[in-house]
Amino acid sequence: FGGGGGGFGGGGPFGGGPGRHQQPVGGRDVESSLTVRLEDSHRGEKMSVTLMGPQGKKTYDVTIPRGVRDGEKIRLAGQGMPGPTGVKGDLYITIKLQPHPLFTVEGEDLVAKVDVPAWDAALGCKIPVPTLEGEVQMTLPGGLRCGQRMRLKGKGLARRGGDPGDLYAELRITVPGELTDEQRELFEKLKESSG
């Protein structure tokens with residue numbers, strides 16, 4: 001390989017000889033992170049955010065894509081560090097979804113814990129269930145168990161290029177902390193009839 005002009009080290013198209021043209025040297029990419037609410041991910045939002053950029057704090061106009069997920073990145077072209085030729089790199093923003101007080105995220109699905117009084121769980125009822133678009137009424141059949149999940153189709157997180165996920169109401173059966181005499185009597189009758 002070390003002989004005449006047929007090797008890889010000469011001045012041909014792959015060589016490093018004096019005839020080679022220098023390519024422009026680009027800038028350096030920069031990474032940052034942004035915490036967004038579930039509602040922002042679900043709807044997609046445009047917002048002005050102040051982030052630590054290459055020259056310190058700067059305000060950027062950022063479009064949060066509808067259906068963006070935790071850990072995904074948004075690219076802001078030309079907002080990174082400039083290179084020797086003045087060409088700037090990009091700024092990559094990693095999305096972090098803020099924990100929500102009402103919902104747990106499971107992929108595209110949401111889970112909300114919903115309290116149901118014991119008698120309603122036994123007899124069936126309508127209960128209010130929170131969603132990202134507001135409260136809805138859900139009809140429950142009788143004979144429900146604690147921890148059982150009831151599905152609201154299409155009420156989960158938005159999904160890019162597809163249908164939204166579902167929302168699951170996870171039931172927590174509740175009993176009064178202090179029973180009135182009448183309630184105690186009714187529970188005693190129920191106990192006797194079930195025994």
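This briefing walks through the strands, sheets, salt bridges and core of the structure above.

The model is predicted, so please keep its thresholds in mind: local features need pLDDT of at least 70, side-chain atom pairs count only at pLDDT 80 or more, and totals for chains, interfaces and linings use all residues. Residues are numbered from 1 along each chain as its sequence is written, and side-chain values use heavy atoms, with hydrogens and water left out. Helices (H or I, at least four residues) and strands (E, at least two) are DSSP runs, numbered from the N terminus.

**The three-stranded sheet**

- Three strands make up an open sheet in the order E1-E5-E4, with mixed pairing; two strands pair if DSSP finds at least two bridges between them.
- E1 and E4 stand at the edges with a single partner strand each, so one side of each has no neighbour in the sheet.
- On average, neighbouring strands of this sheet are turned by 30 degrees against each other, direction ignored; the axes behind such angles are lines fitted to C-alpha atoms, for helices over the stretch in contact, and angles run from 0 to 180 degrees between N-to-C directions.
- E1 and E5 run parallel and are joined by seven bridges.
- Within that pairing, Glu31 is opposite Tyr92 in E5, and Ser32 is opposite Ile93 in E5.
- E4 and E5 run antiparallel, joined by four bridges, and here Ile74 is opposite Ile93 in E5.
- E5 is largely enclosed by the rest of the structure, because five of its seven residues are buried; buried means under 20% relative accessible area, exposed over 50%, and partly exposed in between (1.4 Å probe, protein chains only).

**The four-stranded sheet**

- Four strands form another open sheet, in the order E6-E7-E11-E10, and its pairing is mixed.
- The edges are strand E6 (103-106) and strand E10 (149-152), each with a single partner strand, so one side of each is left without a neighbour in the sheet.
- From one strand to the next, the twist averages 35 degrees.
- Four bridges pair E6 with E7 in the antiparallel sense, and Thr104 has Val111 in E7 as its bridge partner.

**Salt bridges**

- The count comes to twelve salt bridges, each being a side-chain nitrogen of Lys or Arg within 4 Å of a carboxyl oxygen of Asp or Glu.
- One of them joins the side chains of Glu31 and Lys73, at 3.2 Å from N to O.
- That pair links distant parts of the chain, with Glu31 in strand E1 (residues 30-36) and Lys73 in strand E4 (residues 73-76), 42 residues apart.
- Glu31 is exposed, with a relative accessible area of 52%, while Lys73 is partly exposed at 48%.
- Arg75 and Asp90 also meet through their side chains, at 2.8 Å from N to O.
- Here Arg75 lies in strand E4 and Asp90 in the loop between E4 and strand E5 (91-97), so that distant parts of the chain, 15 residues apart, are linked.
- Asp90 counts as buried, at 13% relative accessibility.
- In another salt bridge, the side chains of Asp115 and Arg172 meet at 2.9 Å, N to O.
- Asp115 lies in strand E7 (residues 109-117) and Arg172 in strand E11 (residues 167-174), so this pair ties together parts that are 57 residues apart in sequence.
- Both ends are partly exposed: Asp115 at 44% relative accessibility, and Arg172 with a relative accessible area of 37%.
- Glu106, Lys113, Arg149 and Glu170 are linked in a network of salt bridges.

**The nonpolar core**

- The largest nonpolar core has 35 residues, and Ile127 and Leu140 touch the most other members; such a core is a set of buried Ala, Val, Leu, Ile, Met, Phe, Trp, Tyr and Cys residues joined through side-chain atoms within 4.5 Å.
- Neighbours within four places in sequence aside, Leu140 is in contact (heavy atoms within 4.5 Å) with Val116, Gly124, Cys125, Ile127, Met150 and Leu171.

**Around Lys88**

- Lys88 sits in the loop between E4 and E5, and at 43% relative accessibility Lys88 counts as partly exposed.
- The C-alpha atoms of Lys88 and Gly27 are separated by 4.3 Å, although these residues are 61 residues apart along the chain.
- Leaving aside neighbours within four places in sequence, Lys88 is in contact with Gly27, Gly78, Gly80, Met81 and Pro82.
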